[in-house]
Amino acid sequence: MKWTDRVDLAIYLVGSLAALCSLAVCARLALYVHASVNVFGVLALSPRVTRKTDPPDQKSGKKHGKETPAPARGCVPLFLLVYITATEVWLMQFTVIVVLLLLLAISGAVGRLSLRYVPPGHIGIVRRLNGRTHPDFPQVTPHATHGVLARTLLPGRHWMTPFVYEVQVVPRTRVPEGKIGLVRAKAGRTRPGNRALALPVPCDDFQDGVRFLLNGGEQGTQIGVLAGGQTYSINTELFRVTLVDRVHVPAGTIGLVDARAGGNRPPGALFGPHVECDDFQDGARFLTGGGQQGKQLAILQGGAYYDINPALFDVITTHNVEARGGPLEARHLKQIAIPADQTGVVITLDGADPGEDDQAGPPVPGHQGFRLPWVFLQNGGRRGVQEETLSGGTVSALNPYFIRVMLIPTHLLALEWDEKTPAEQQNYDVHLGRITATVQGYRLFVDVKQLIRIPAQSAPGLVRRNGGAQISDIGGLDYNRMPVQRFVQRVLGAIVTTYFNQIATASTVLEFVKNYRDTRLELATLVENELRDWGVESKGTHLGVFRAEDERLNEMLKRTADEEMESEKLALQLENAEREDAIDKVRVEAERRRVKLELEAEIQVLGLENVMVLKMLREISQAPVPQIVSGGDLSAFLETLPITRLDGLMDRMRTLRRGPGIEGAERPSLPEAESGEAGR
């Protein structure tokens with residue numbers, strides 16, 4: 001039961017009691033009083049019975065009279081009151097009836113003026129028209145004094161004293177999705193001049209104006225904001241709500257934050273202390289935790305929305321950075337991606353003084369790859385080039401106010417001393433021109449090519465000693481190739497140029513040409529030793545074909561080179577011939593040893609006599625024998641017979657040098673022919 005229903009019931013009961021009490025004075029007076037009370041009951045009950053037939057609210061779909069009793073329960077008392085009232089009025093005099101009607105009309109008018117209806121989706125703002133003004137709250141008051149009341153009326157019917165209170169019906173405050181409500185208080189305590197925003201007070205998201213004022217709420221822009229997608233019962237006479245967009249940080253980028261309010265930073269400090277404040281969405285925690293004005297170390301991660309009060313924090317994203325102007329650009333707000341074939345040398349723009357030790361900053365634990373710069377500073381991190389690098393293939397969201405990252409190649413670099421084209425002006429060897437050596441007044445041009453590789457652990461020292469670590473306000477990913485270009489120019493360029501100048505001074509043209517091959521080996525050793533001091537690896541030194549500025553010298557050098565080449569060719573042929581003779585001698589000696597070994601093996605197995613017989617038989621078997629003999633003398637015929645050849649073989653065998661295996665052995669011989677047979 002609402003409080004208005006309770007008031008009506010109380011009035012009716014008091015009237016009925018007055019009617020009973022009037023019986024002691026006069027029965028007719030009691031009749032008049034009771035009839036008037038019944039008329040009041042009819043007027044109070046009839047709206048509640050008919051309220052059920054009111055159309056439902058179009059927005060919520062709910063009926064306005066949902067809190068009233070059902071018609072079945074309300075109609076019976078109403079009919080009973082009407083019947084009793086009609087009976088009592090019938091017994092009254094006409095003059096009394098007229099007076100009662102006038103009183104009822106006046107009472108209805110007064111009741112109409114006292115009843116205030118607030119429809120759904122709205123609130124009622126109450127203003128007291130008379131009375132005294134509260135000294136602390138002259139405009140909007142939490143008390144029942146003159147002025148706008150801090151409390152509001154919720155949807156429904158409300159009894160208000162006529163001619164004392166005025167009610168203004170306004171829509172509830174709606175904050176759509178994608179927006180936040182920035183609240184400004186029109187009344188409250190005066191804010192100190194050194195504070196731009198009002199301190200927060202508990203007041204149910206500014207819906208309880210009484211608590212706001214009594215708890216010391218201050219005038220002006222509030223730290224807290226209203227979240228989107230909700231509706232609030234805000235007293236618009238006390239608070240003004242402005243809709244602003246939520247902060248959106250696109251994926252792959254970061255958001256930088258500058259605090260508009262807070263404490264003052266110490267002189268020379270680039271950043272204030274880090275305060276955990278829910279990604280700057282809790283402004284009260286930021287201020288009460290010691291947050292300071294200016295640039296903040298923490299950043300906003302990409303791919304998210306944030307409910308950040310723009311009156312407290314200035315957020316820089318890729319959406320608004322171009323319109324702001326200044327040195328900060330959209331490229332500074334991108335996540336830092338290190339290519340796989342490079343390393344990222346980190347240069348911190350804030351930290352302890354690096355001192356005079358001329359060394360890179362030592363590793364600092366806990367900062368998670370420089371993503372937590374406040375941890376880096378708390379643990380004593382130094383300003384400048386850091387020994388710790390970002391590995392290739394990593395992607396990091398880093399604060400460009402605090403970090404600069406320089407890319408140093410770790411892949412194989414080919415550096416050439418030659419004439420550069422306009423398209424090669426960004427190469428690492430841009431400052432390496434063609435080598436020119438003046439020998440005996442002749443200008444000689446030499447092409448040099450050097451292969452090097454810079455390890456990741458050597459990159460910080462190279463950057464530190466060759467520039468690129470200048471302190472500035474903006475960092476981010478730096479594509480400047482100056483450190484490597486300076487290293488190539490100052491180290492490699494100076495070594496090669498000085499070397500060729502020295503040998504050109506101490507050599508003639510012919511000596512220079514003759515020793516050109518040794519020059520490459522000596523230069524390669526010199527470069528490798530120098531690069532070792534830098535921690536850089538030498539992967540090869542190559543000298544190209546040199547030429548003279550004077551074409552006559554080129555022709556002479558060409559003829560000399562041709563003659564040397566022809567001489568070298570002949571010497572090579574002679575050397576090959578000598579090698580072939582030596583090979584033949586080796587082959588003959590090998591064949592002799594093979595035959596000897598075979599003969600010794602046969603003698604050992606078969607014996608010397610058997611081997612000799614076998615040899616003779618093989619020889620005899622290969623001797624030619626005439627098929628037909630006609631004419632001629634007999635001696636020629638005998639020479640062709642195998643027995644004659646056999647005797648010759650025996651004589652040859654007698655003359656052979658005995659081998660080591662047949663020393664002392666008796667030489668076999670054929671038996672002498674009989675005289676008779678010899679004479680035939």
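**Aromatic rings in a predicted model**

Phe239 is buried, with a relative accessible area of 2%.

**Phe212 and Phe239**

- The ring centres of Phe212 and Phe239 are 4.8 Å apart and their planes meet at 75 degrees, so the pair is classed as edge-to-face, given that planes over 60 degrees apart count that way.
- This pair joins distant parts of the chain, since Phe212 belongs to helix 5 (residues 209-214) while Phe239 belongs to strand 11 (residues 239-245), with the two 27 residues apart.
- Phe212 is also buried, and its relative accessible area is 0%.

**Phe487 and Trp534**

- Phe487 and Trp534 make an edge-to-face aromatic pair, with 5.1 Å from centre to centre and 65 degrees between the planes.
- Here too the pair links distant parts of the chain, with Phe487 in helix 10 (residues 482-505) and Trp534 in helix 12 (residues 516-534), 47 residues apart.
- Both Phe487 and Trp534 are buried.
- Trp534 has a charged side chain over its ring as well, for Arg465 lies over the face of Trp534 at 3.7 Å from the ring centre.

**A cluster and another charge over a ring**

- Phe271, Phe370, Phe376 and Phe402 are linked into a cluster by ring pairs.
- Lys295 lies over the face of Tyr401, at 4.5 Å from the centre of the ring.

Note on methods:
Residues are numbered from 1 along each chain as its sequence is written. This is a predicted model: local features need pLDDT of at least 70, side-chain atom pairs count only at pLDDT 80 or more; totals for chains, interfaces and linings use all residues. Side-chain values use heavy atoms; hydrogens and water are left out. Rings of Phe, Tyr and Trp (its six-membered ring) pair if their centres lie within 6.5 Å; planes under 30 degrees apart count as stacked, over 60 as edge-to-face and the rest as tilted. Helices (H or I, at least four residues) and strands (E, at least two) are DSSP runs, numbered from the N terminus. Buried means under 20% relative accessible area, exposed over 50%, partly exposed in between (1.4 Å probe, protein chains only). A charge sits over a ring if NZ of Lys or CZ of Arg is within 6 Å of the ring centre and within 35 degrees of the ring normal.
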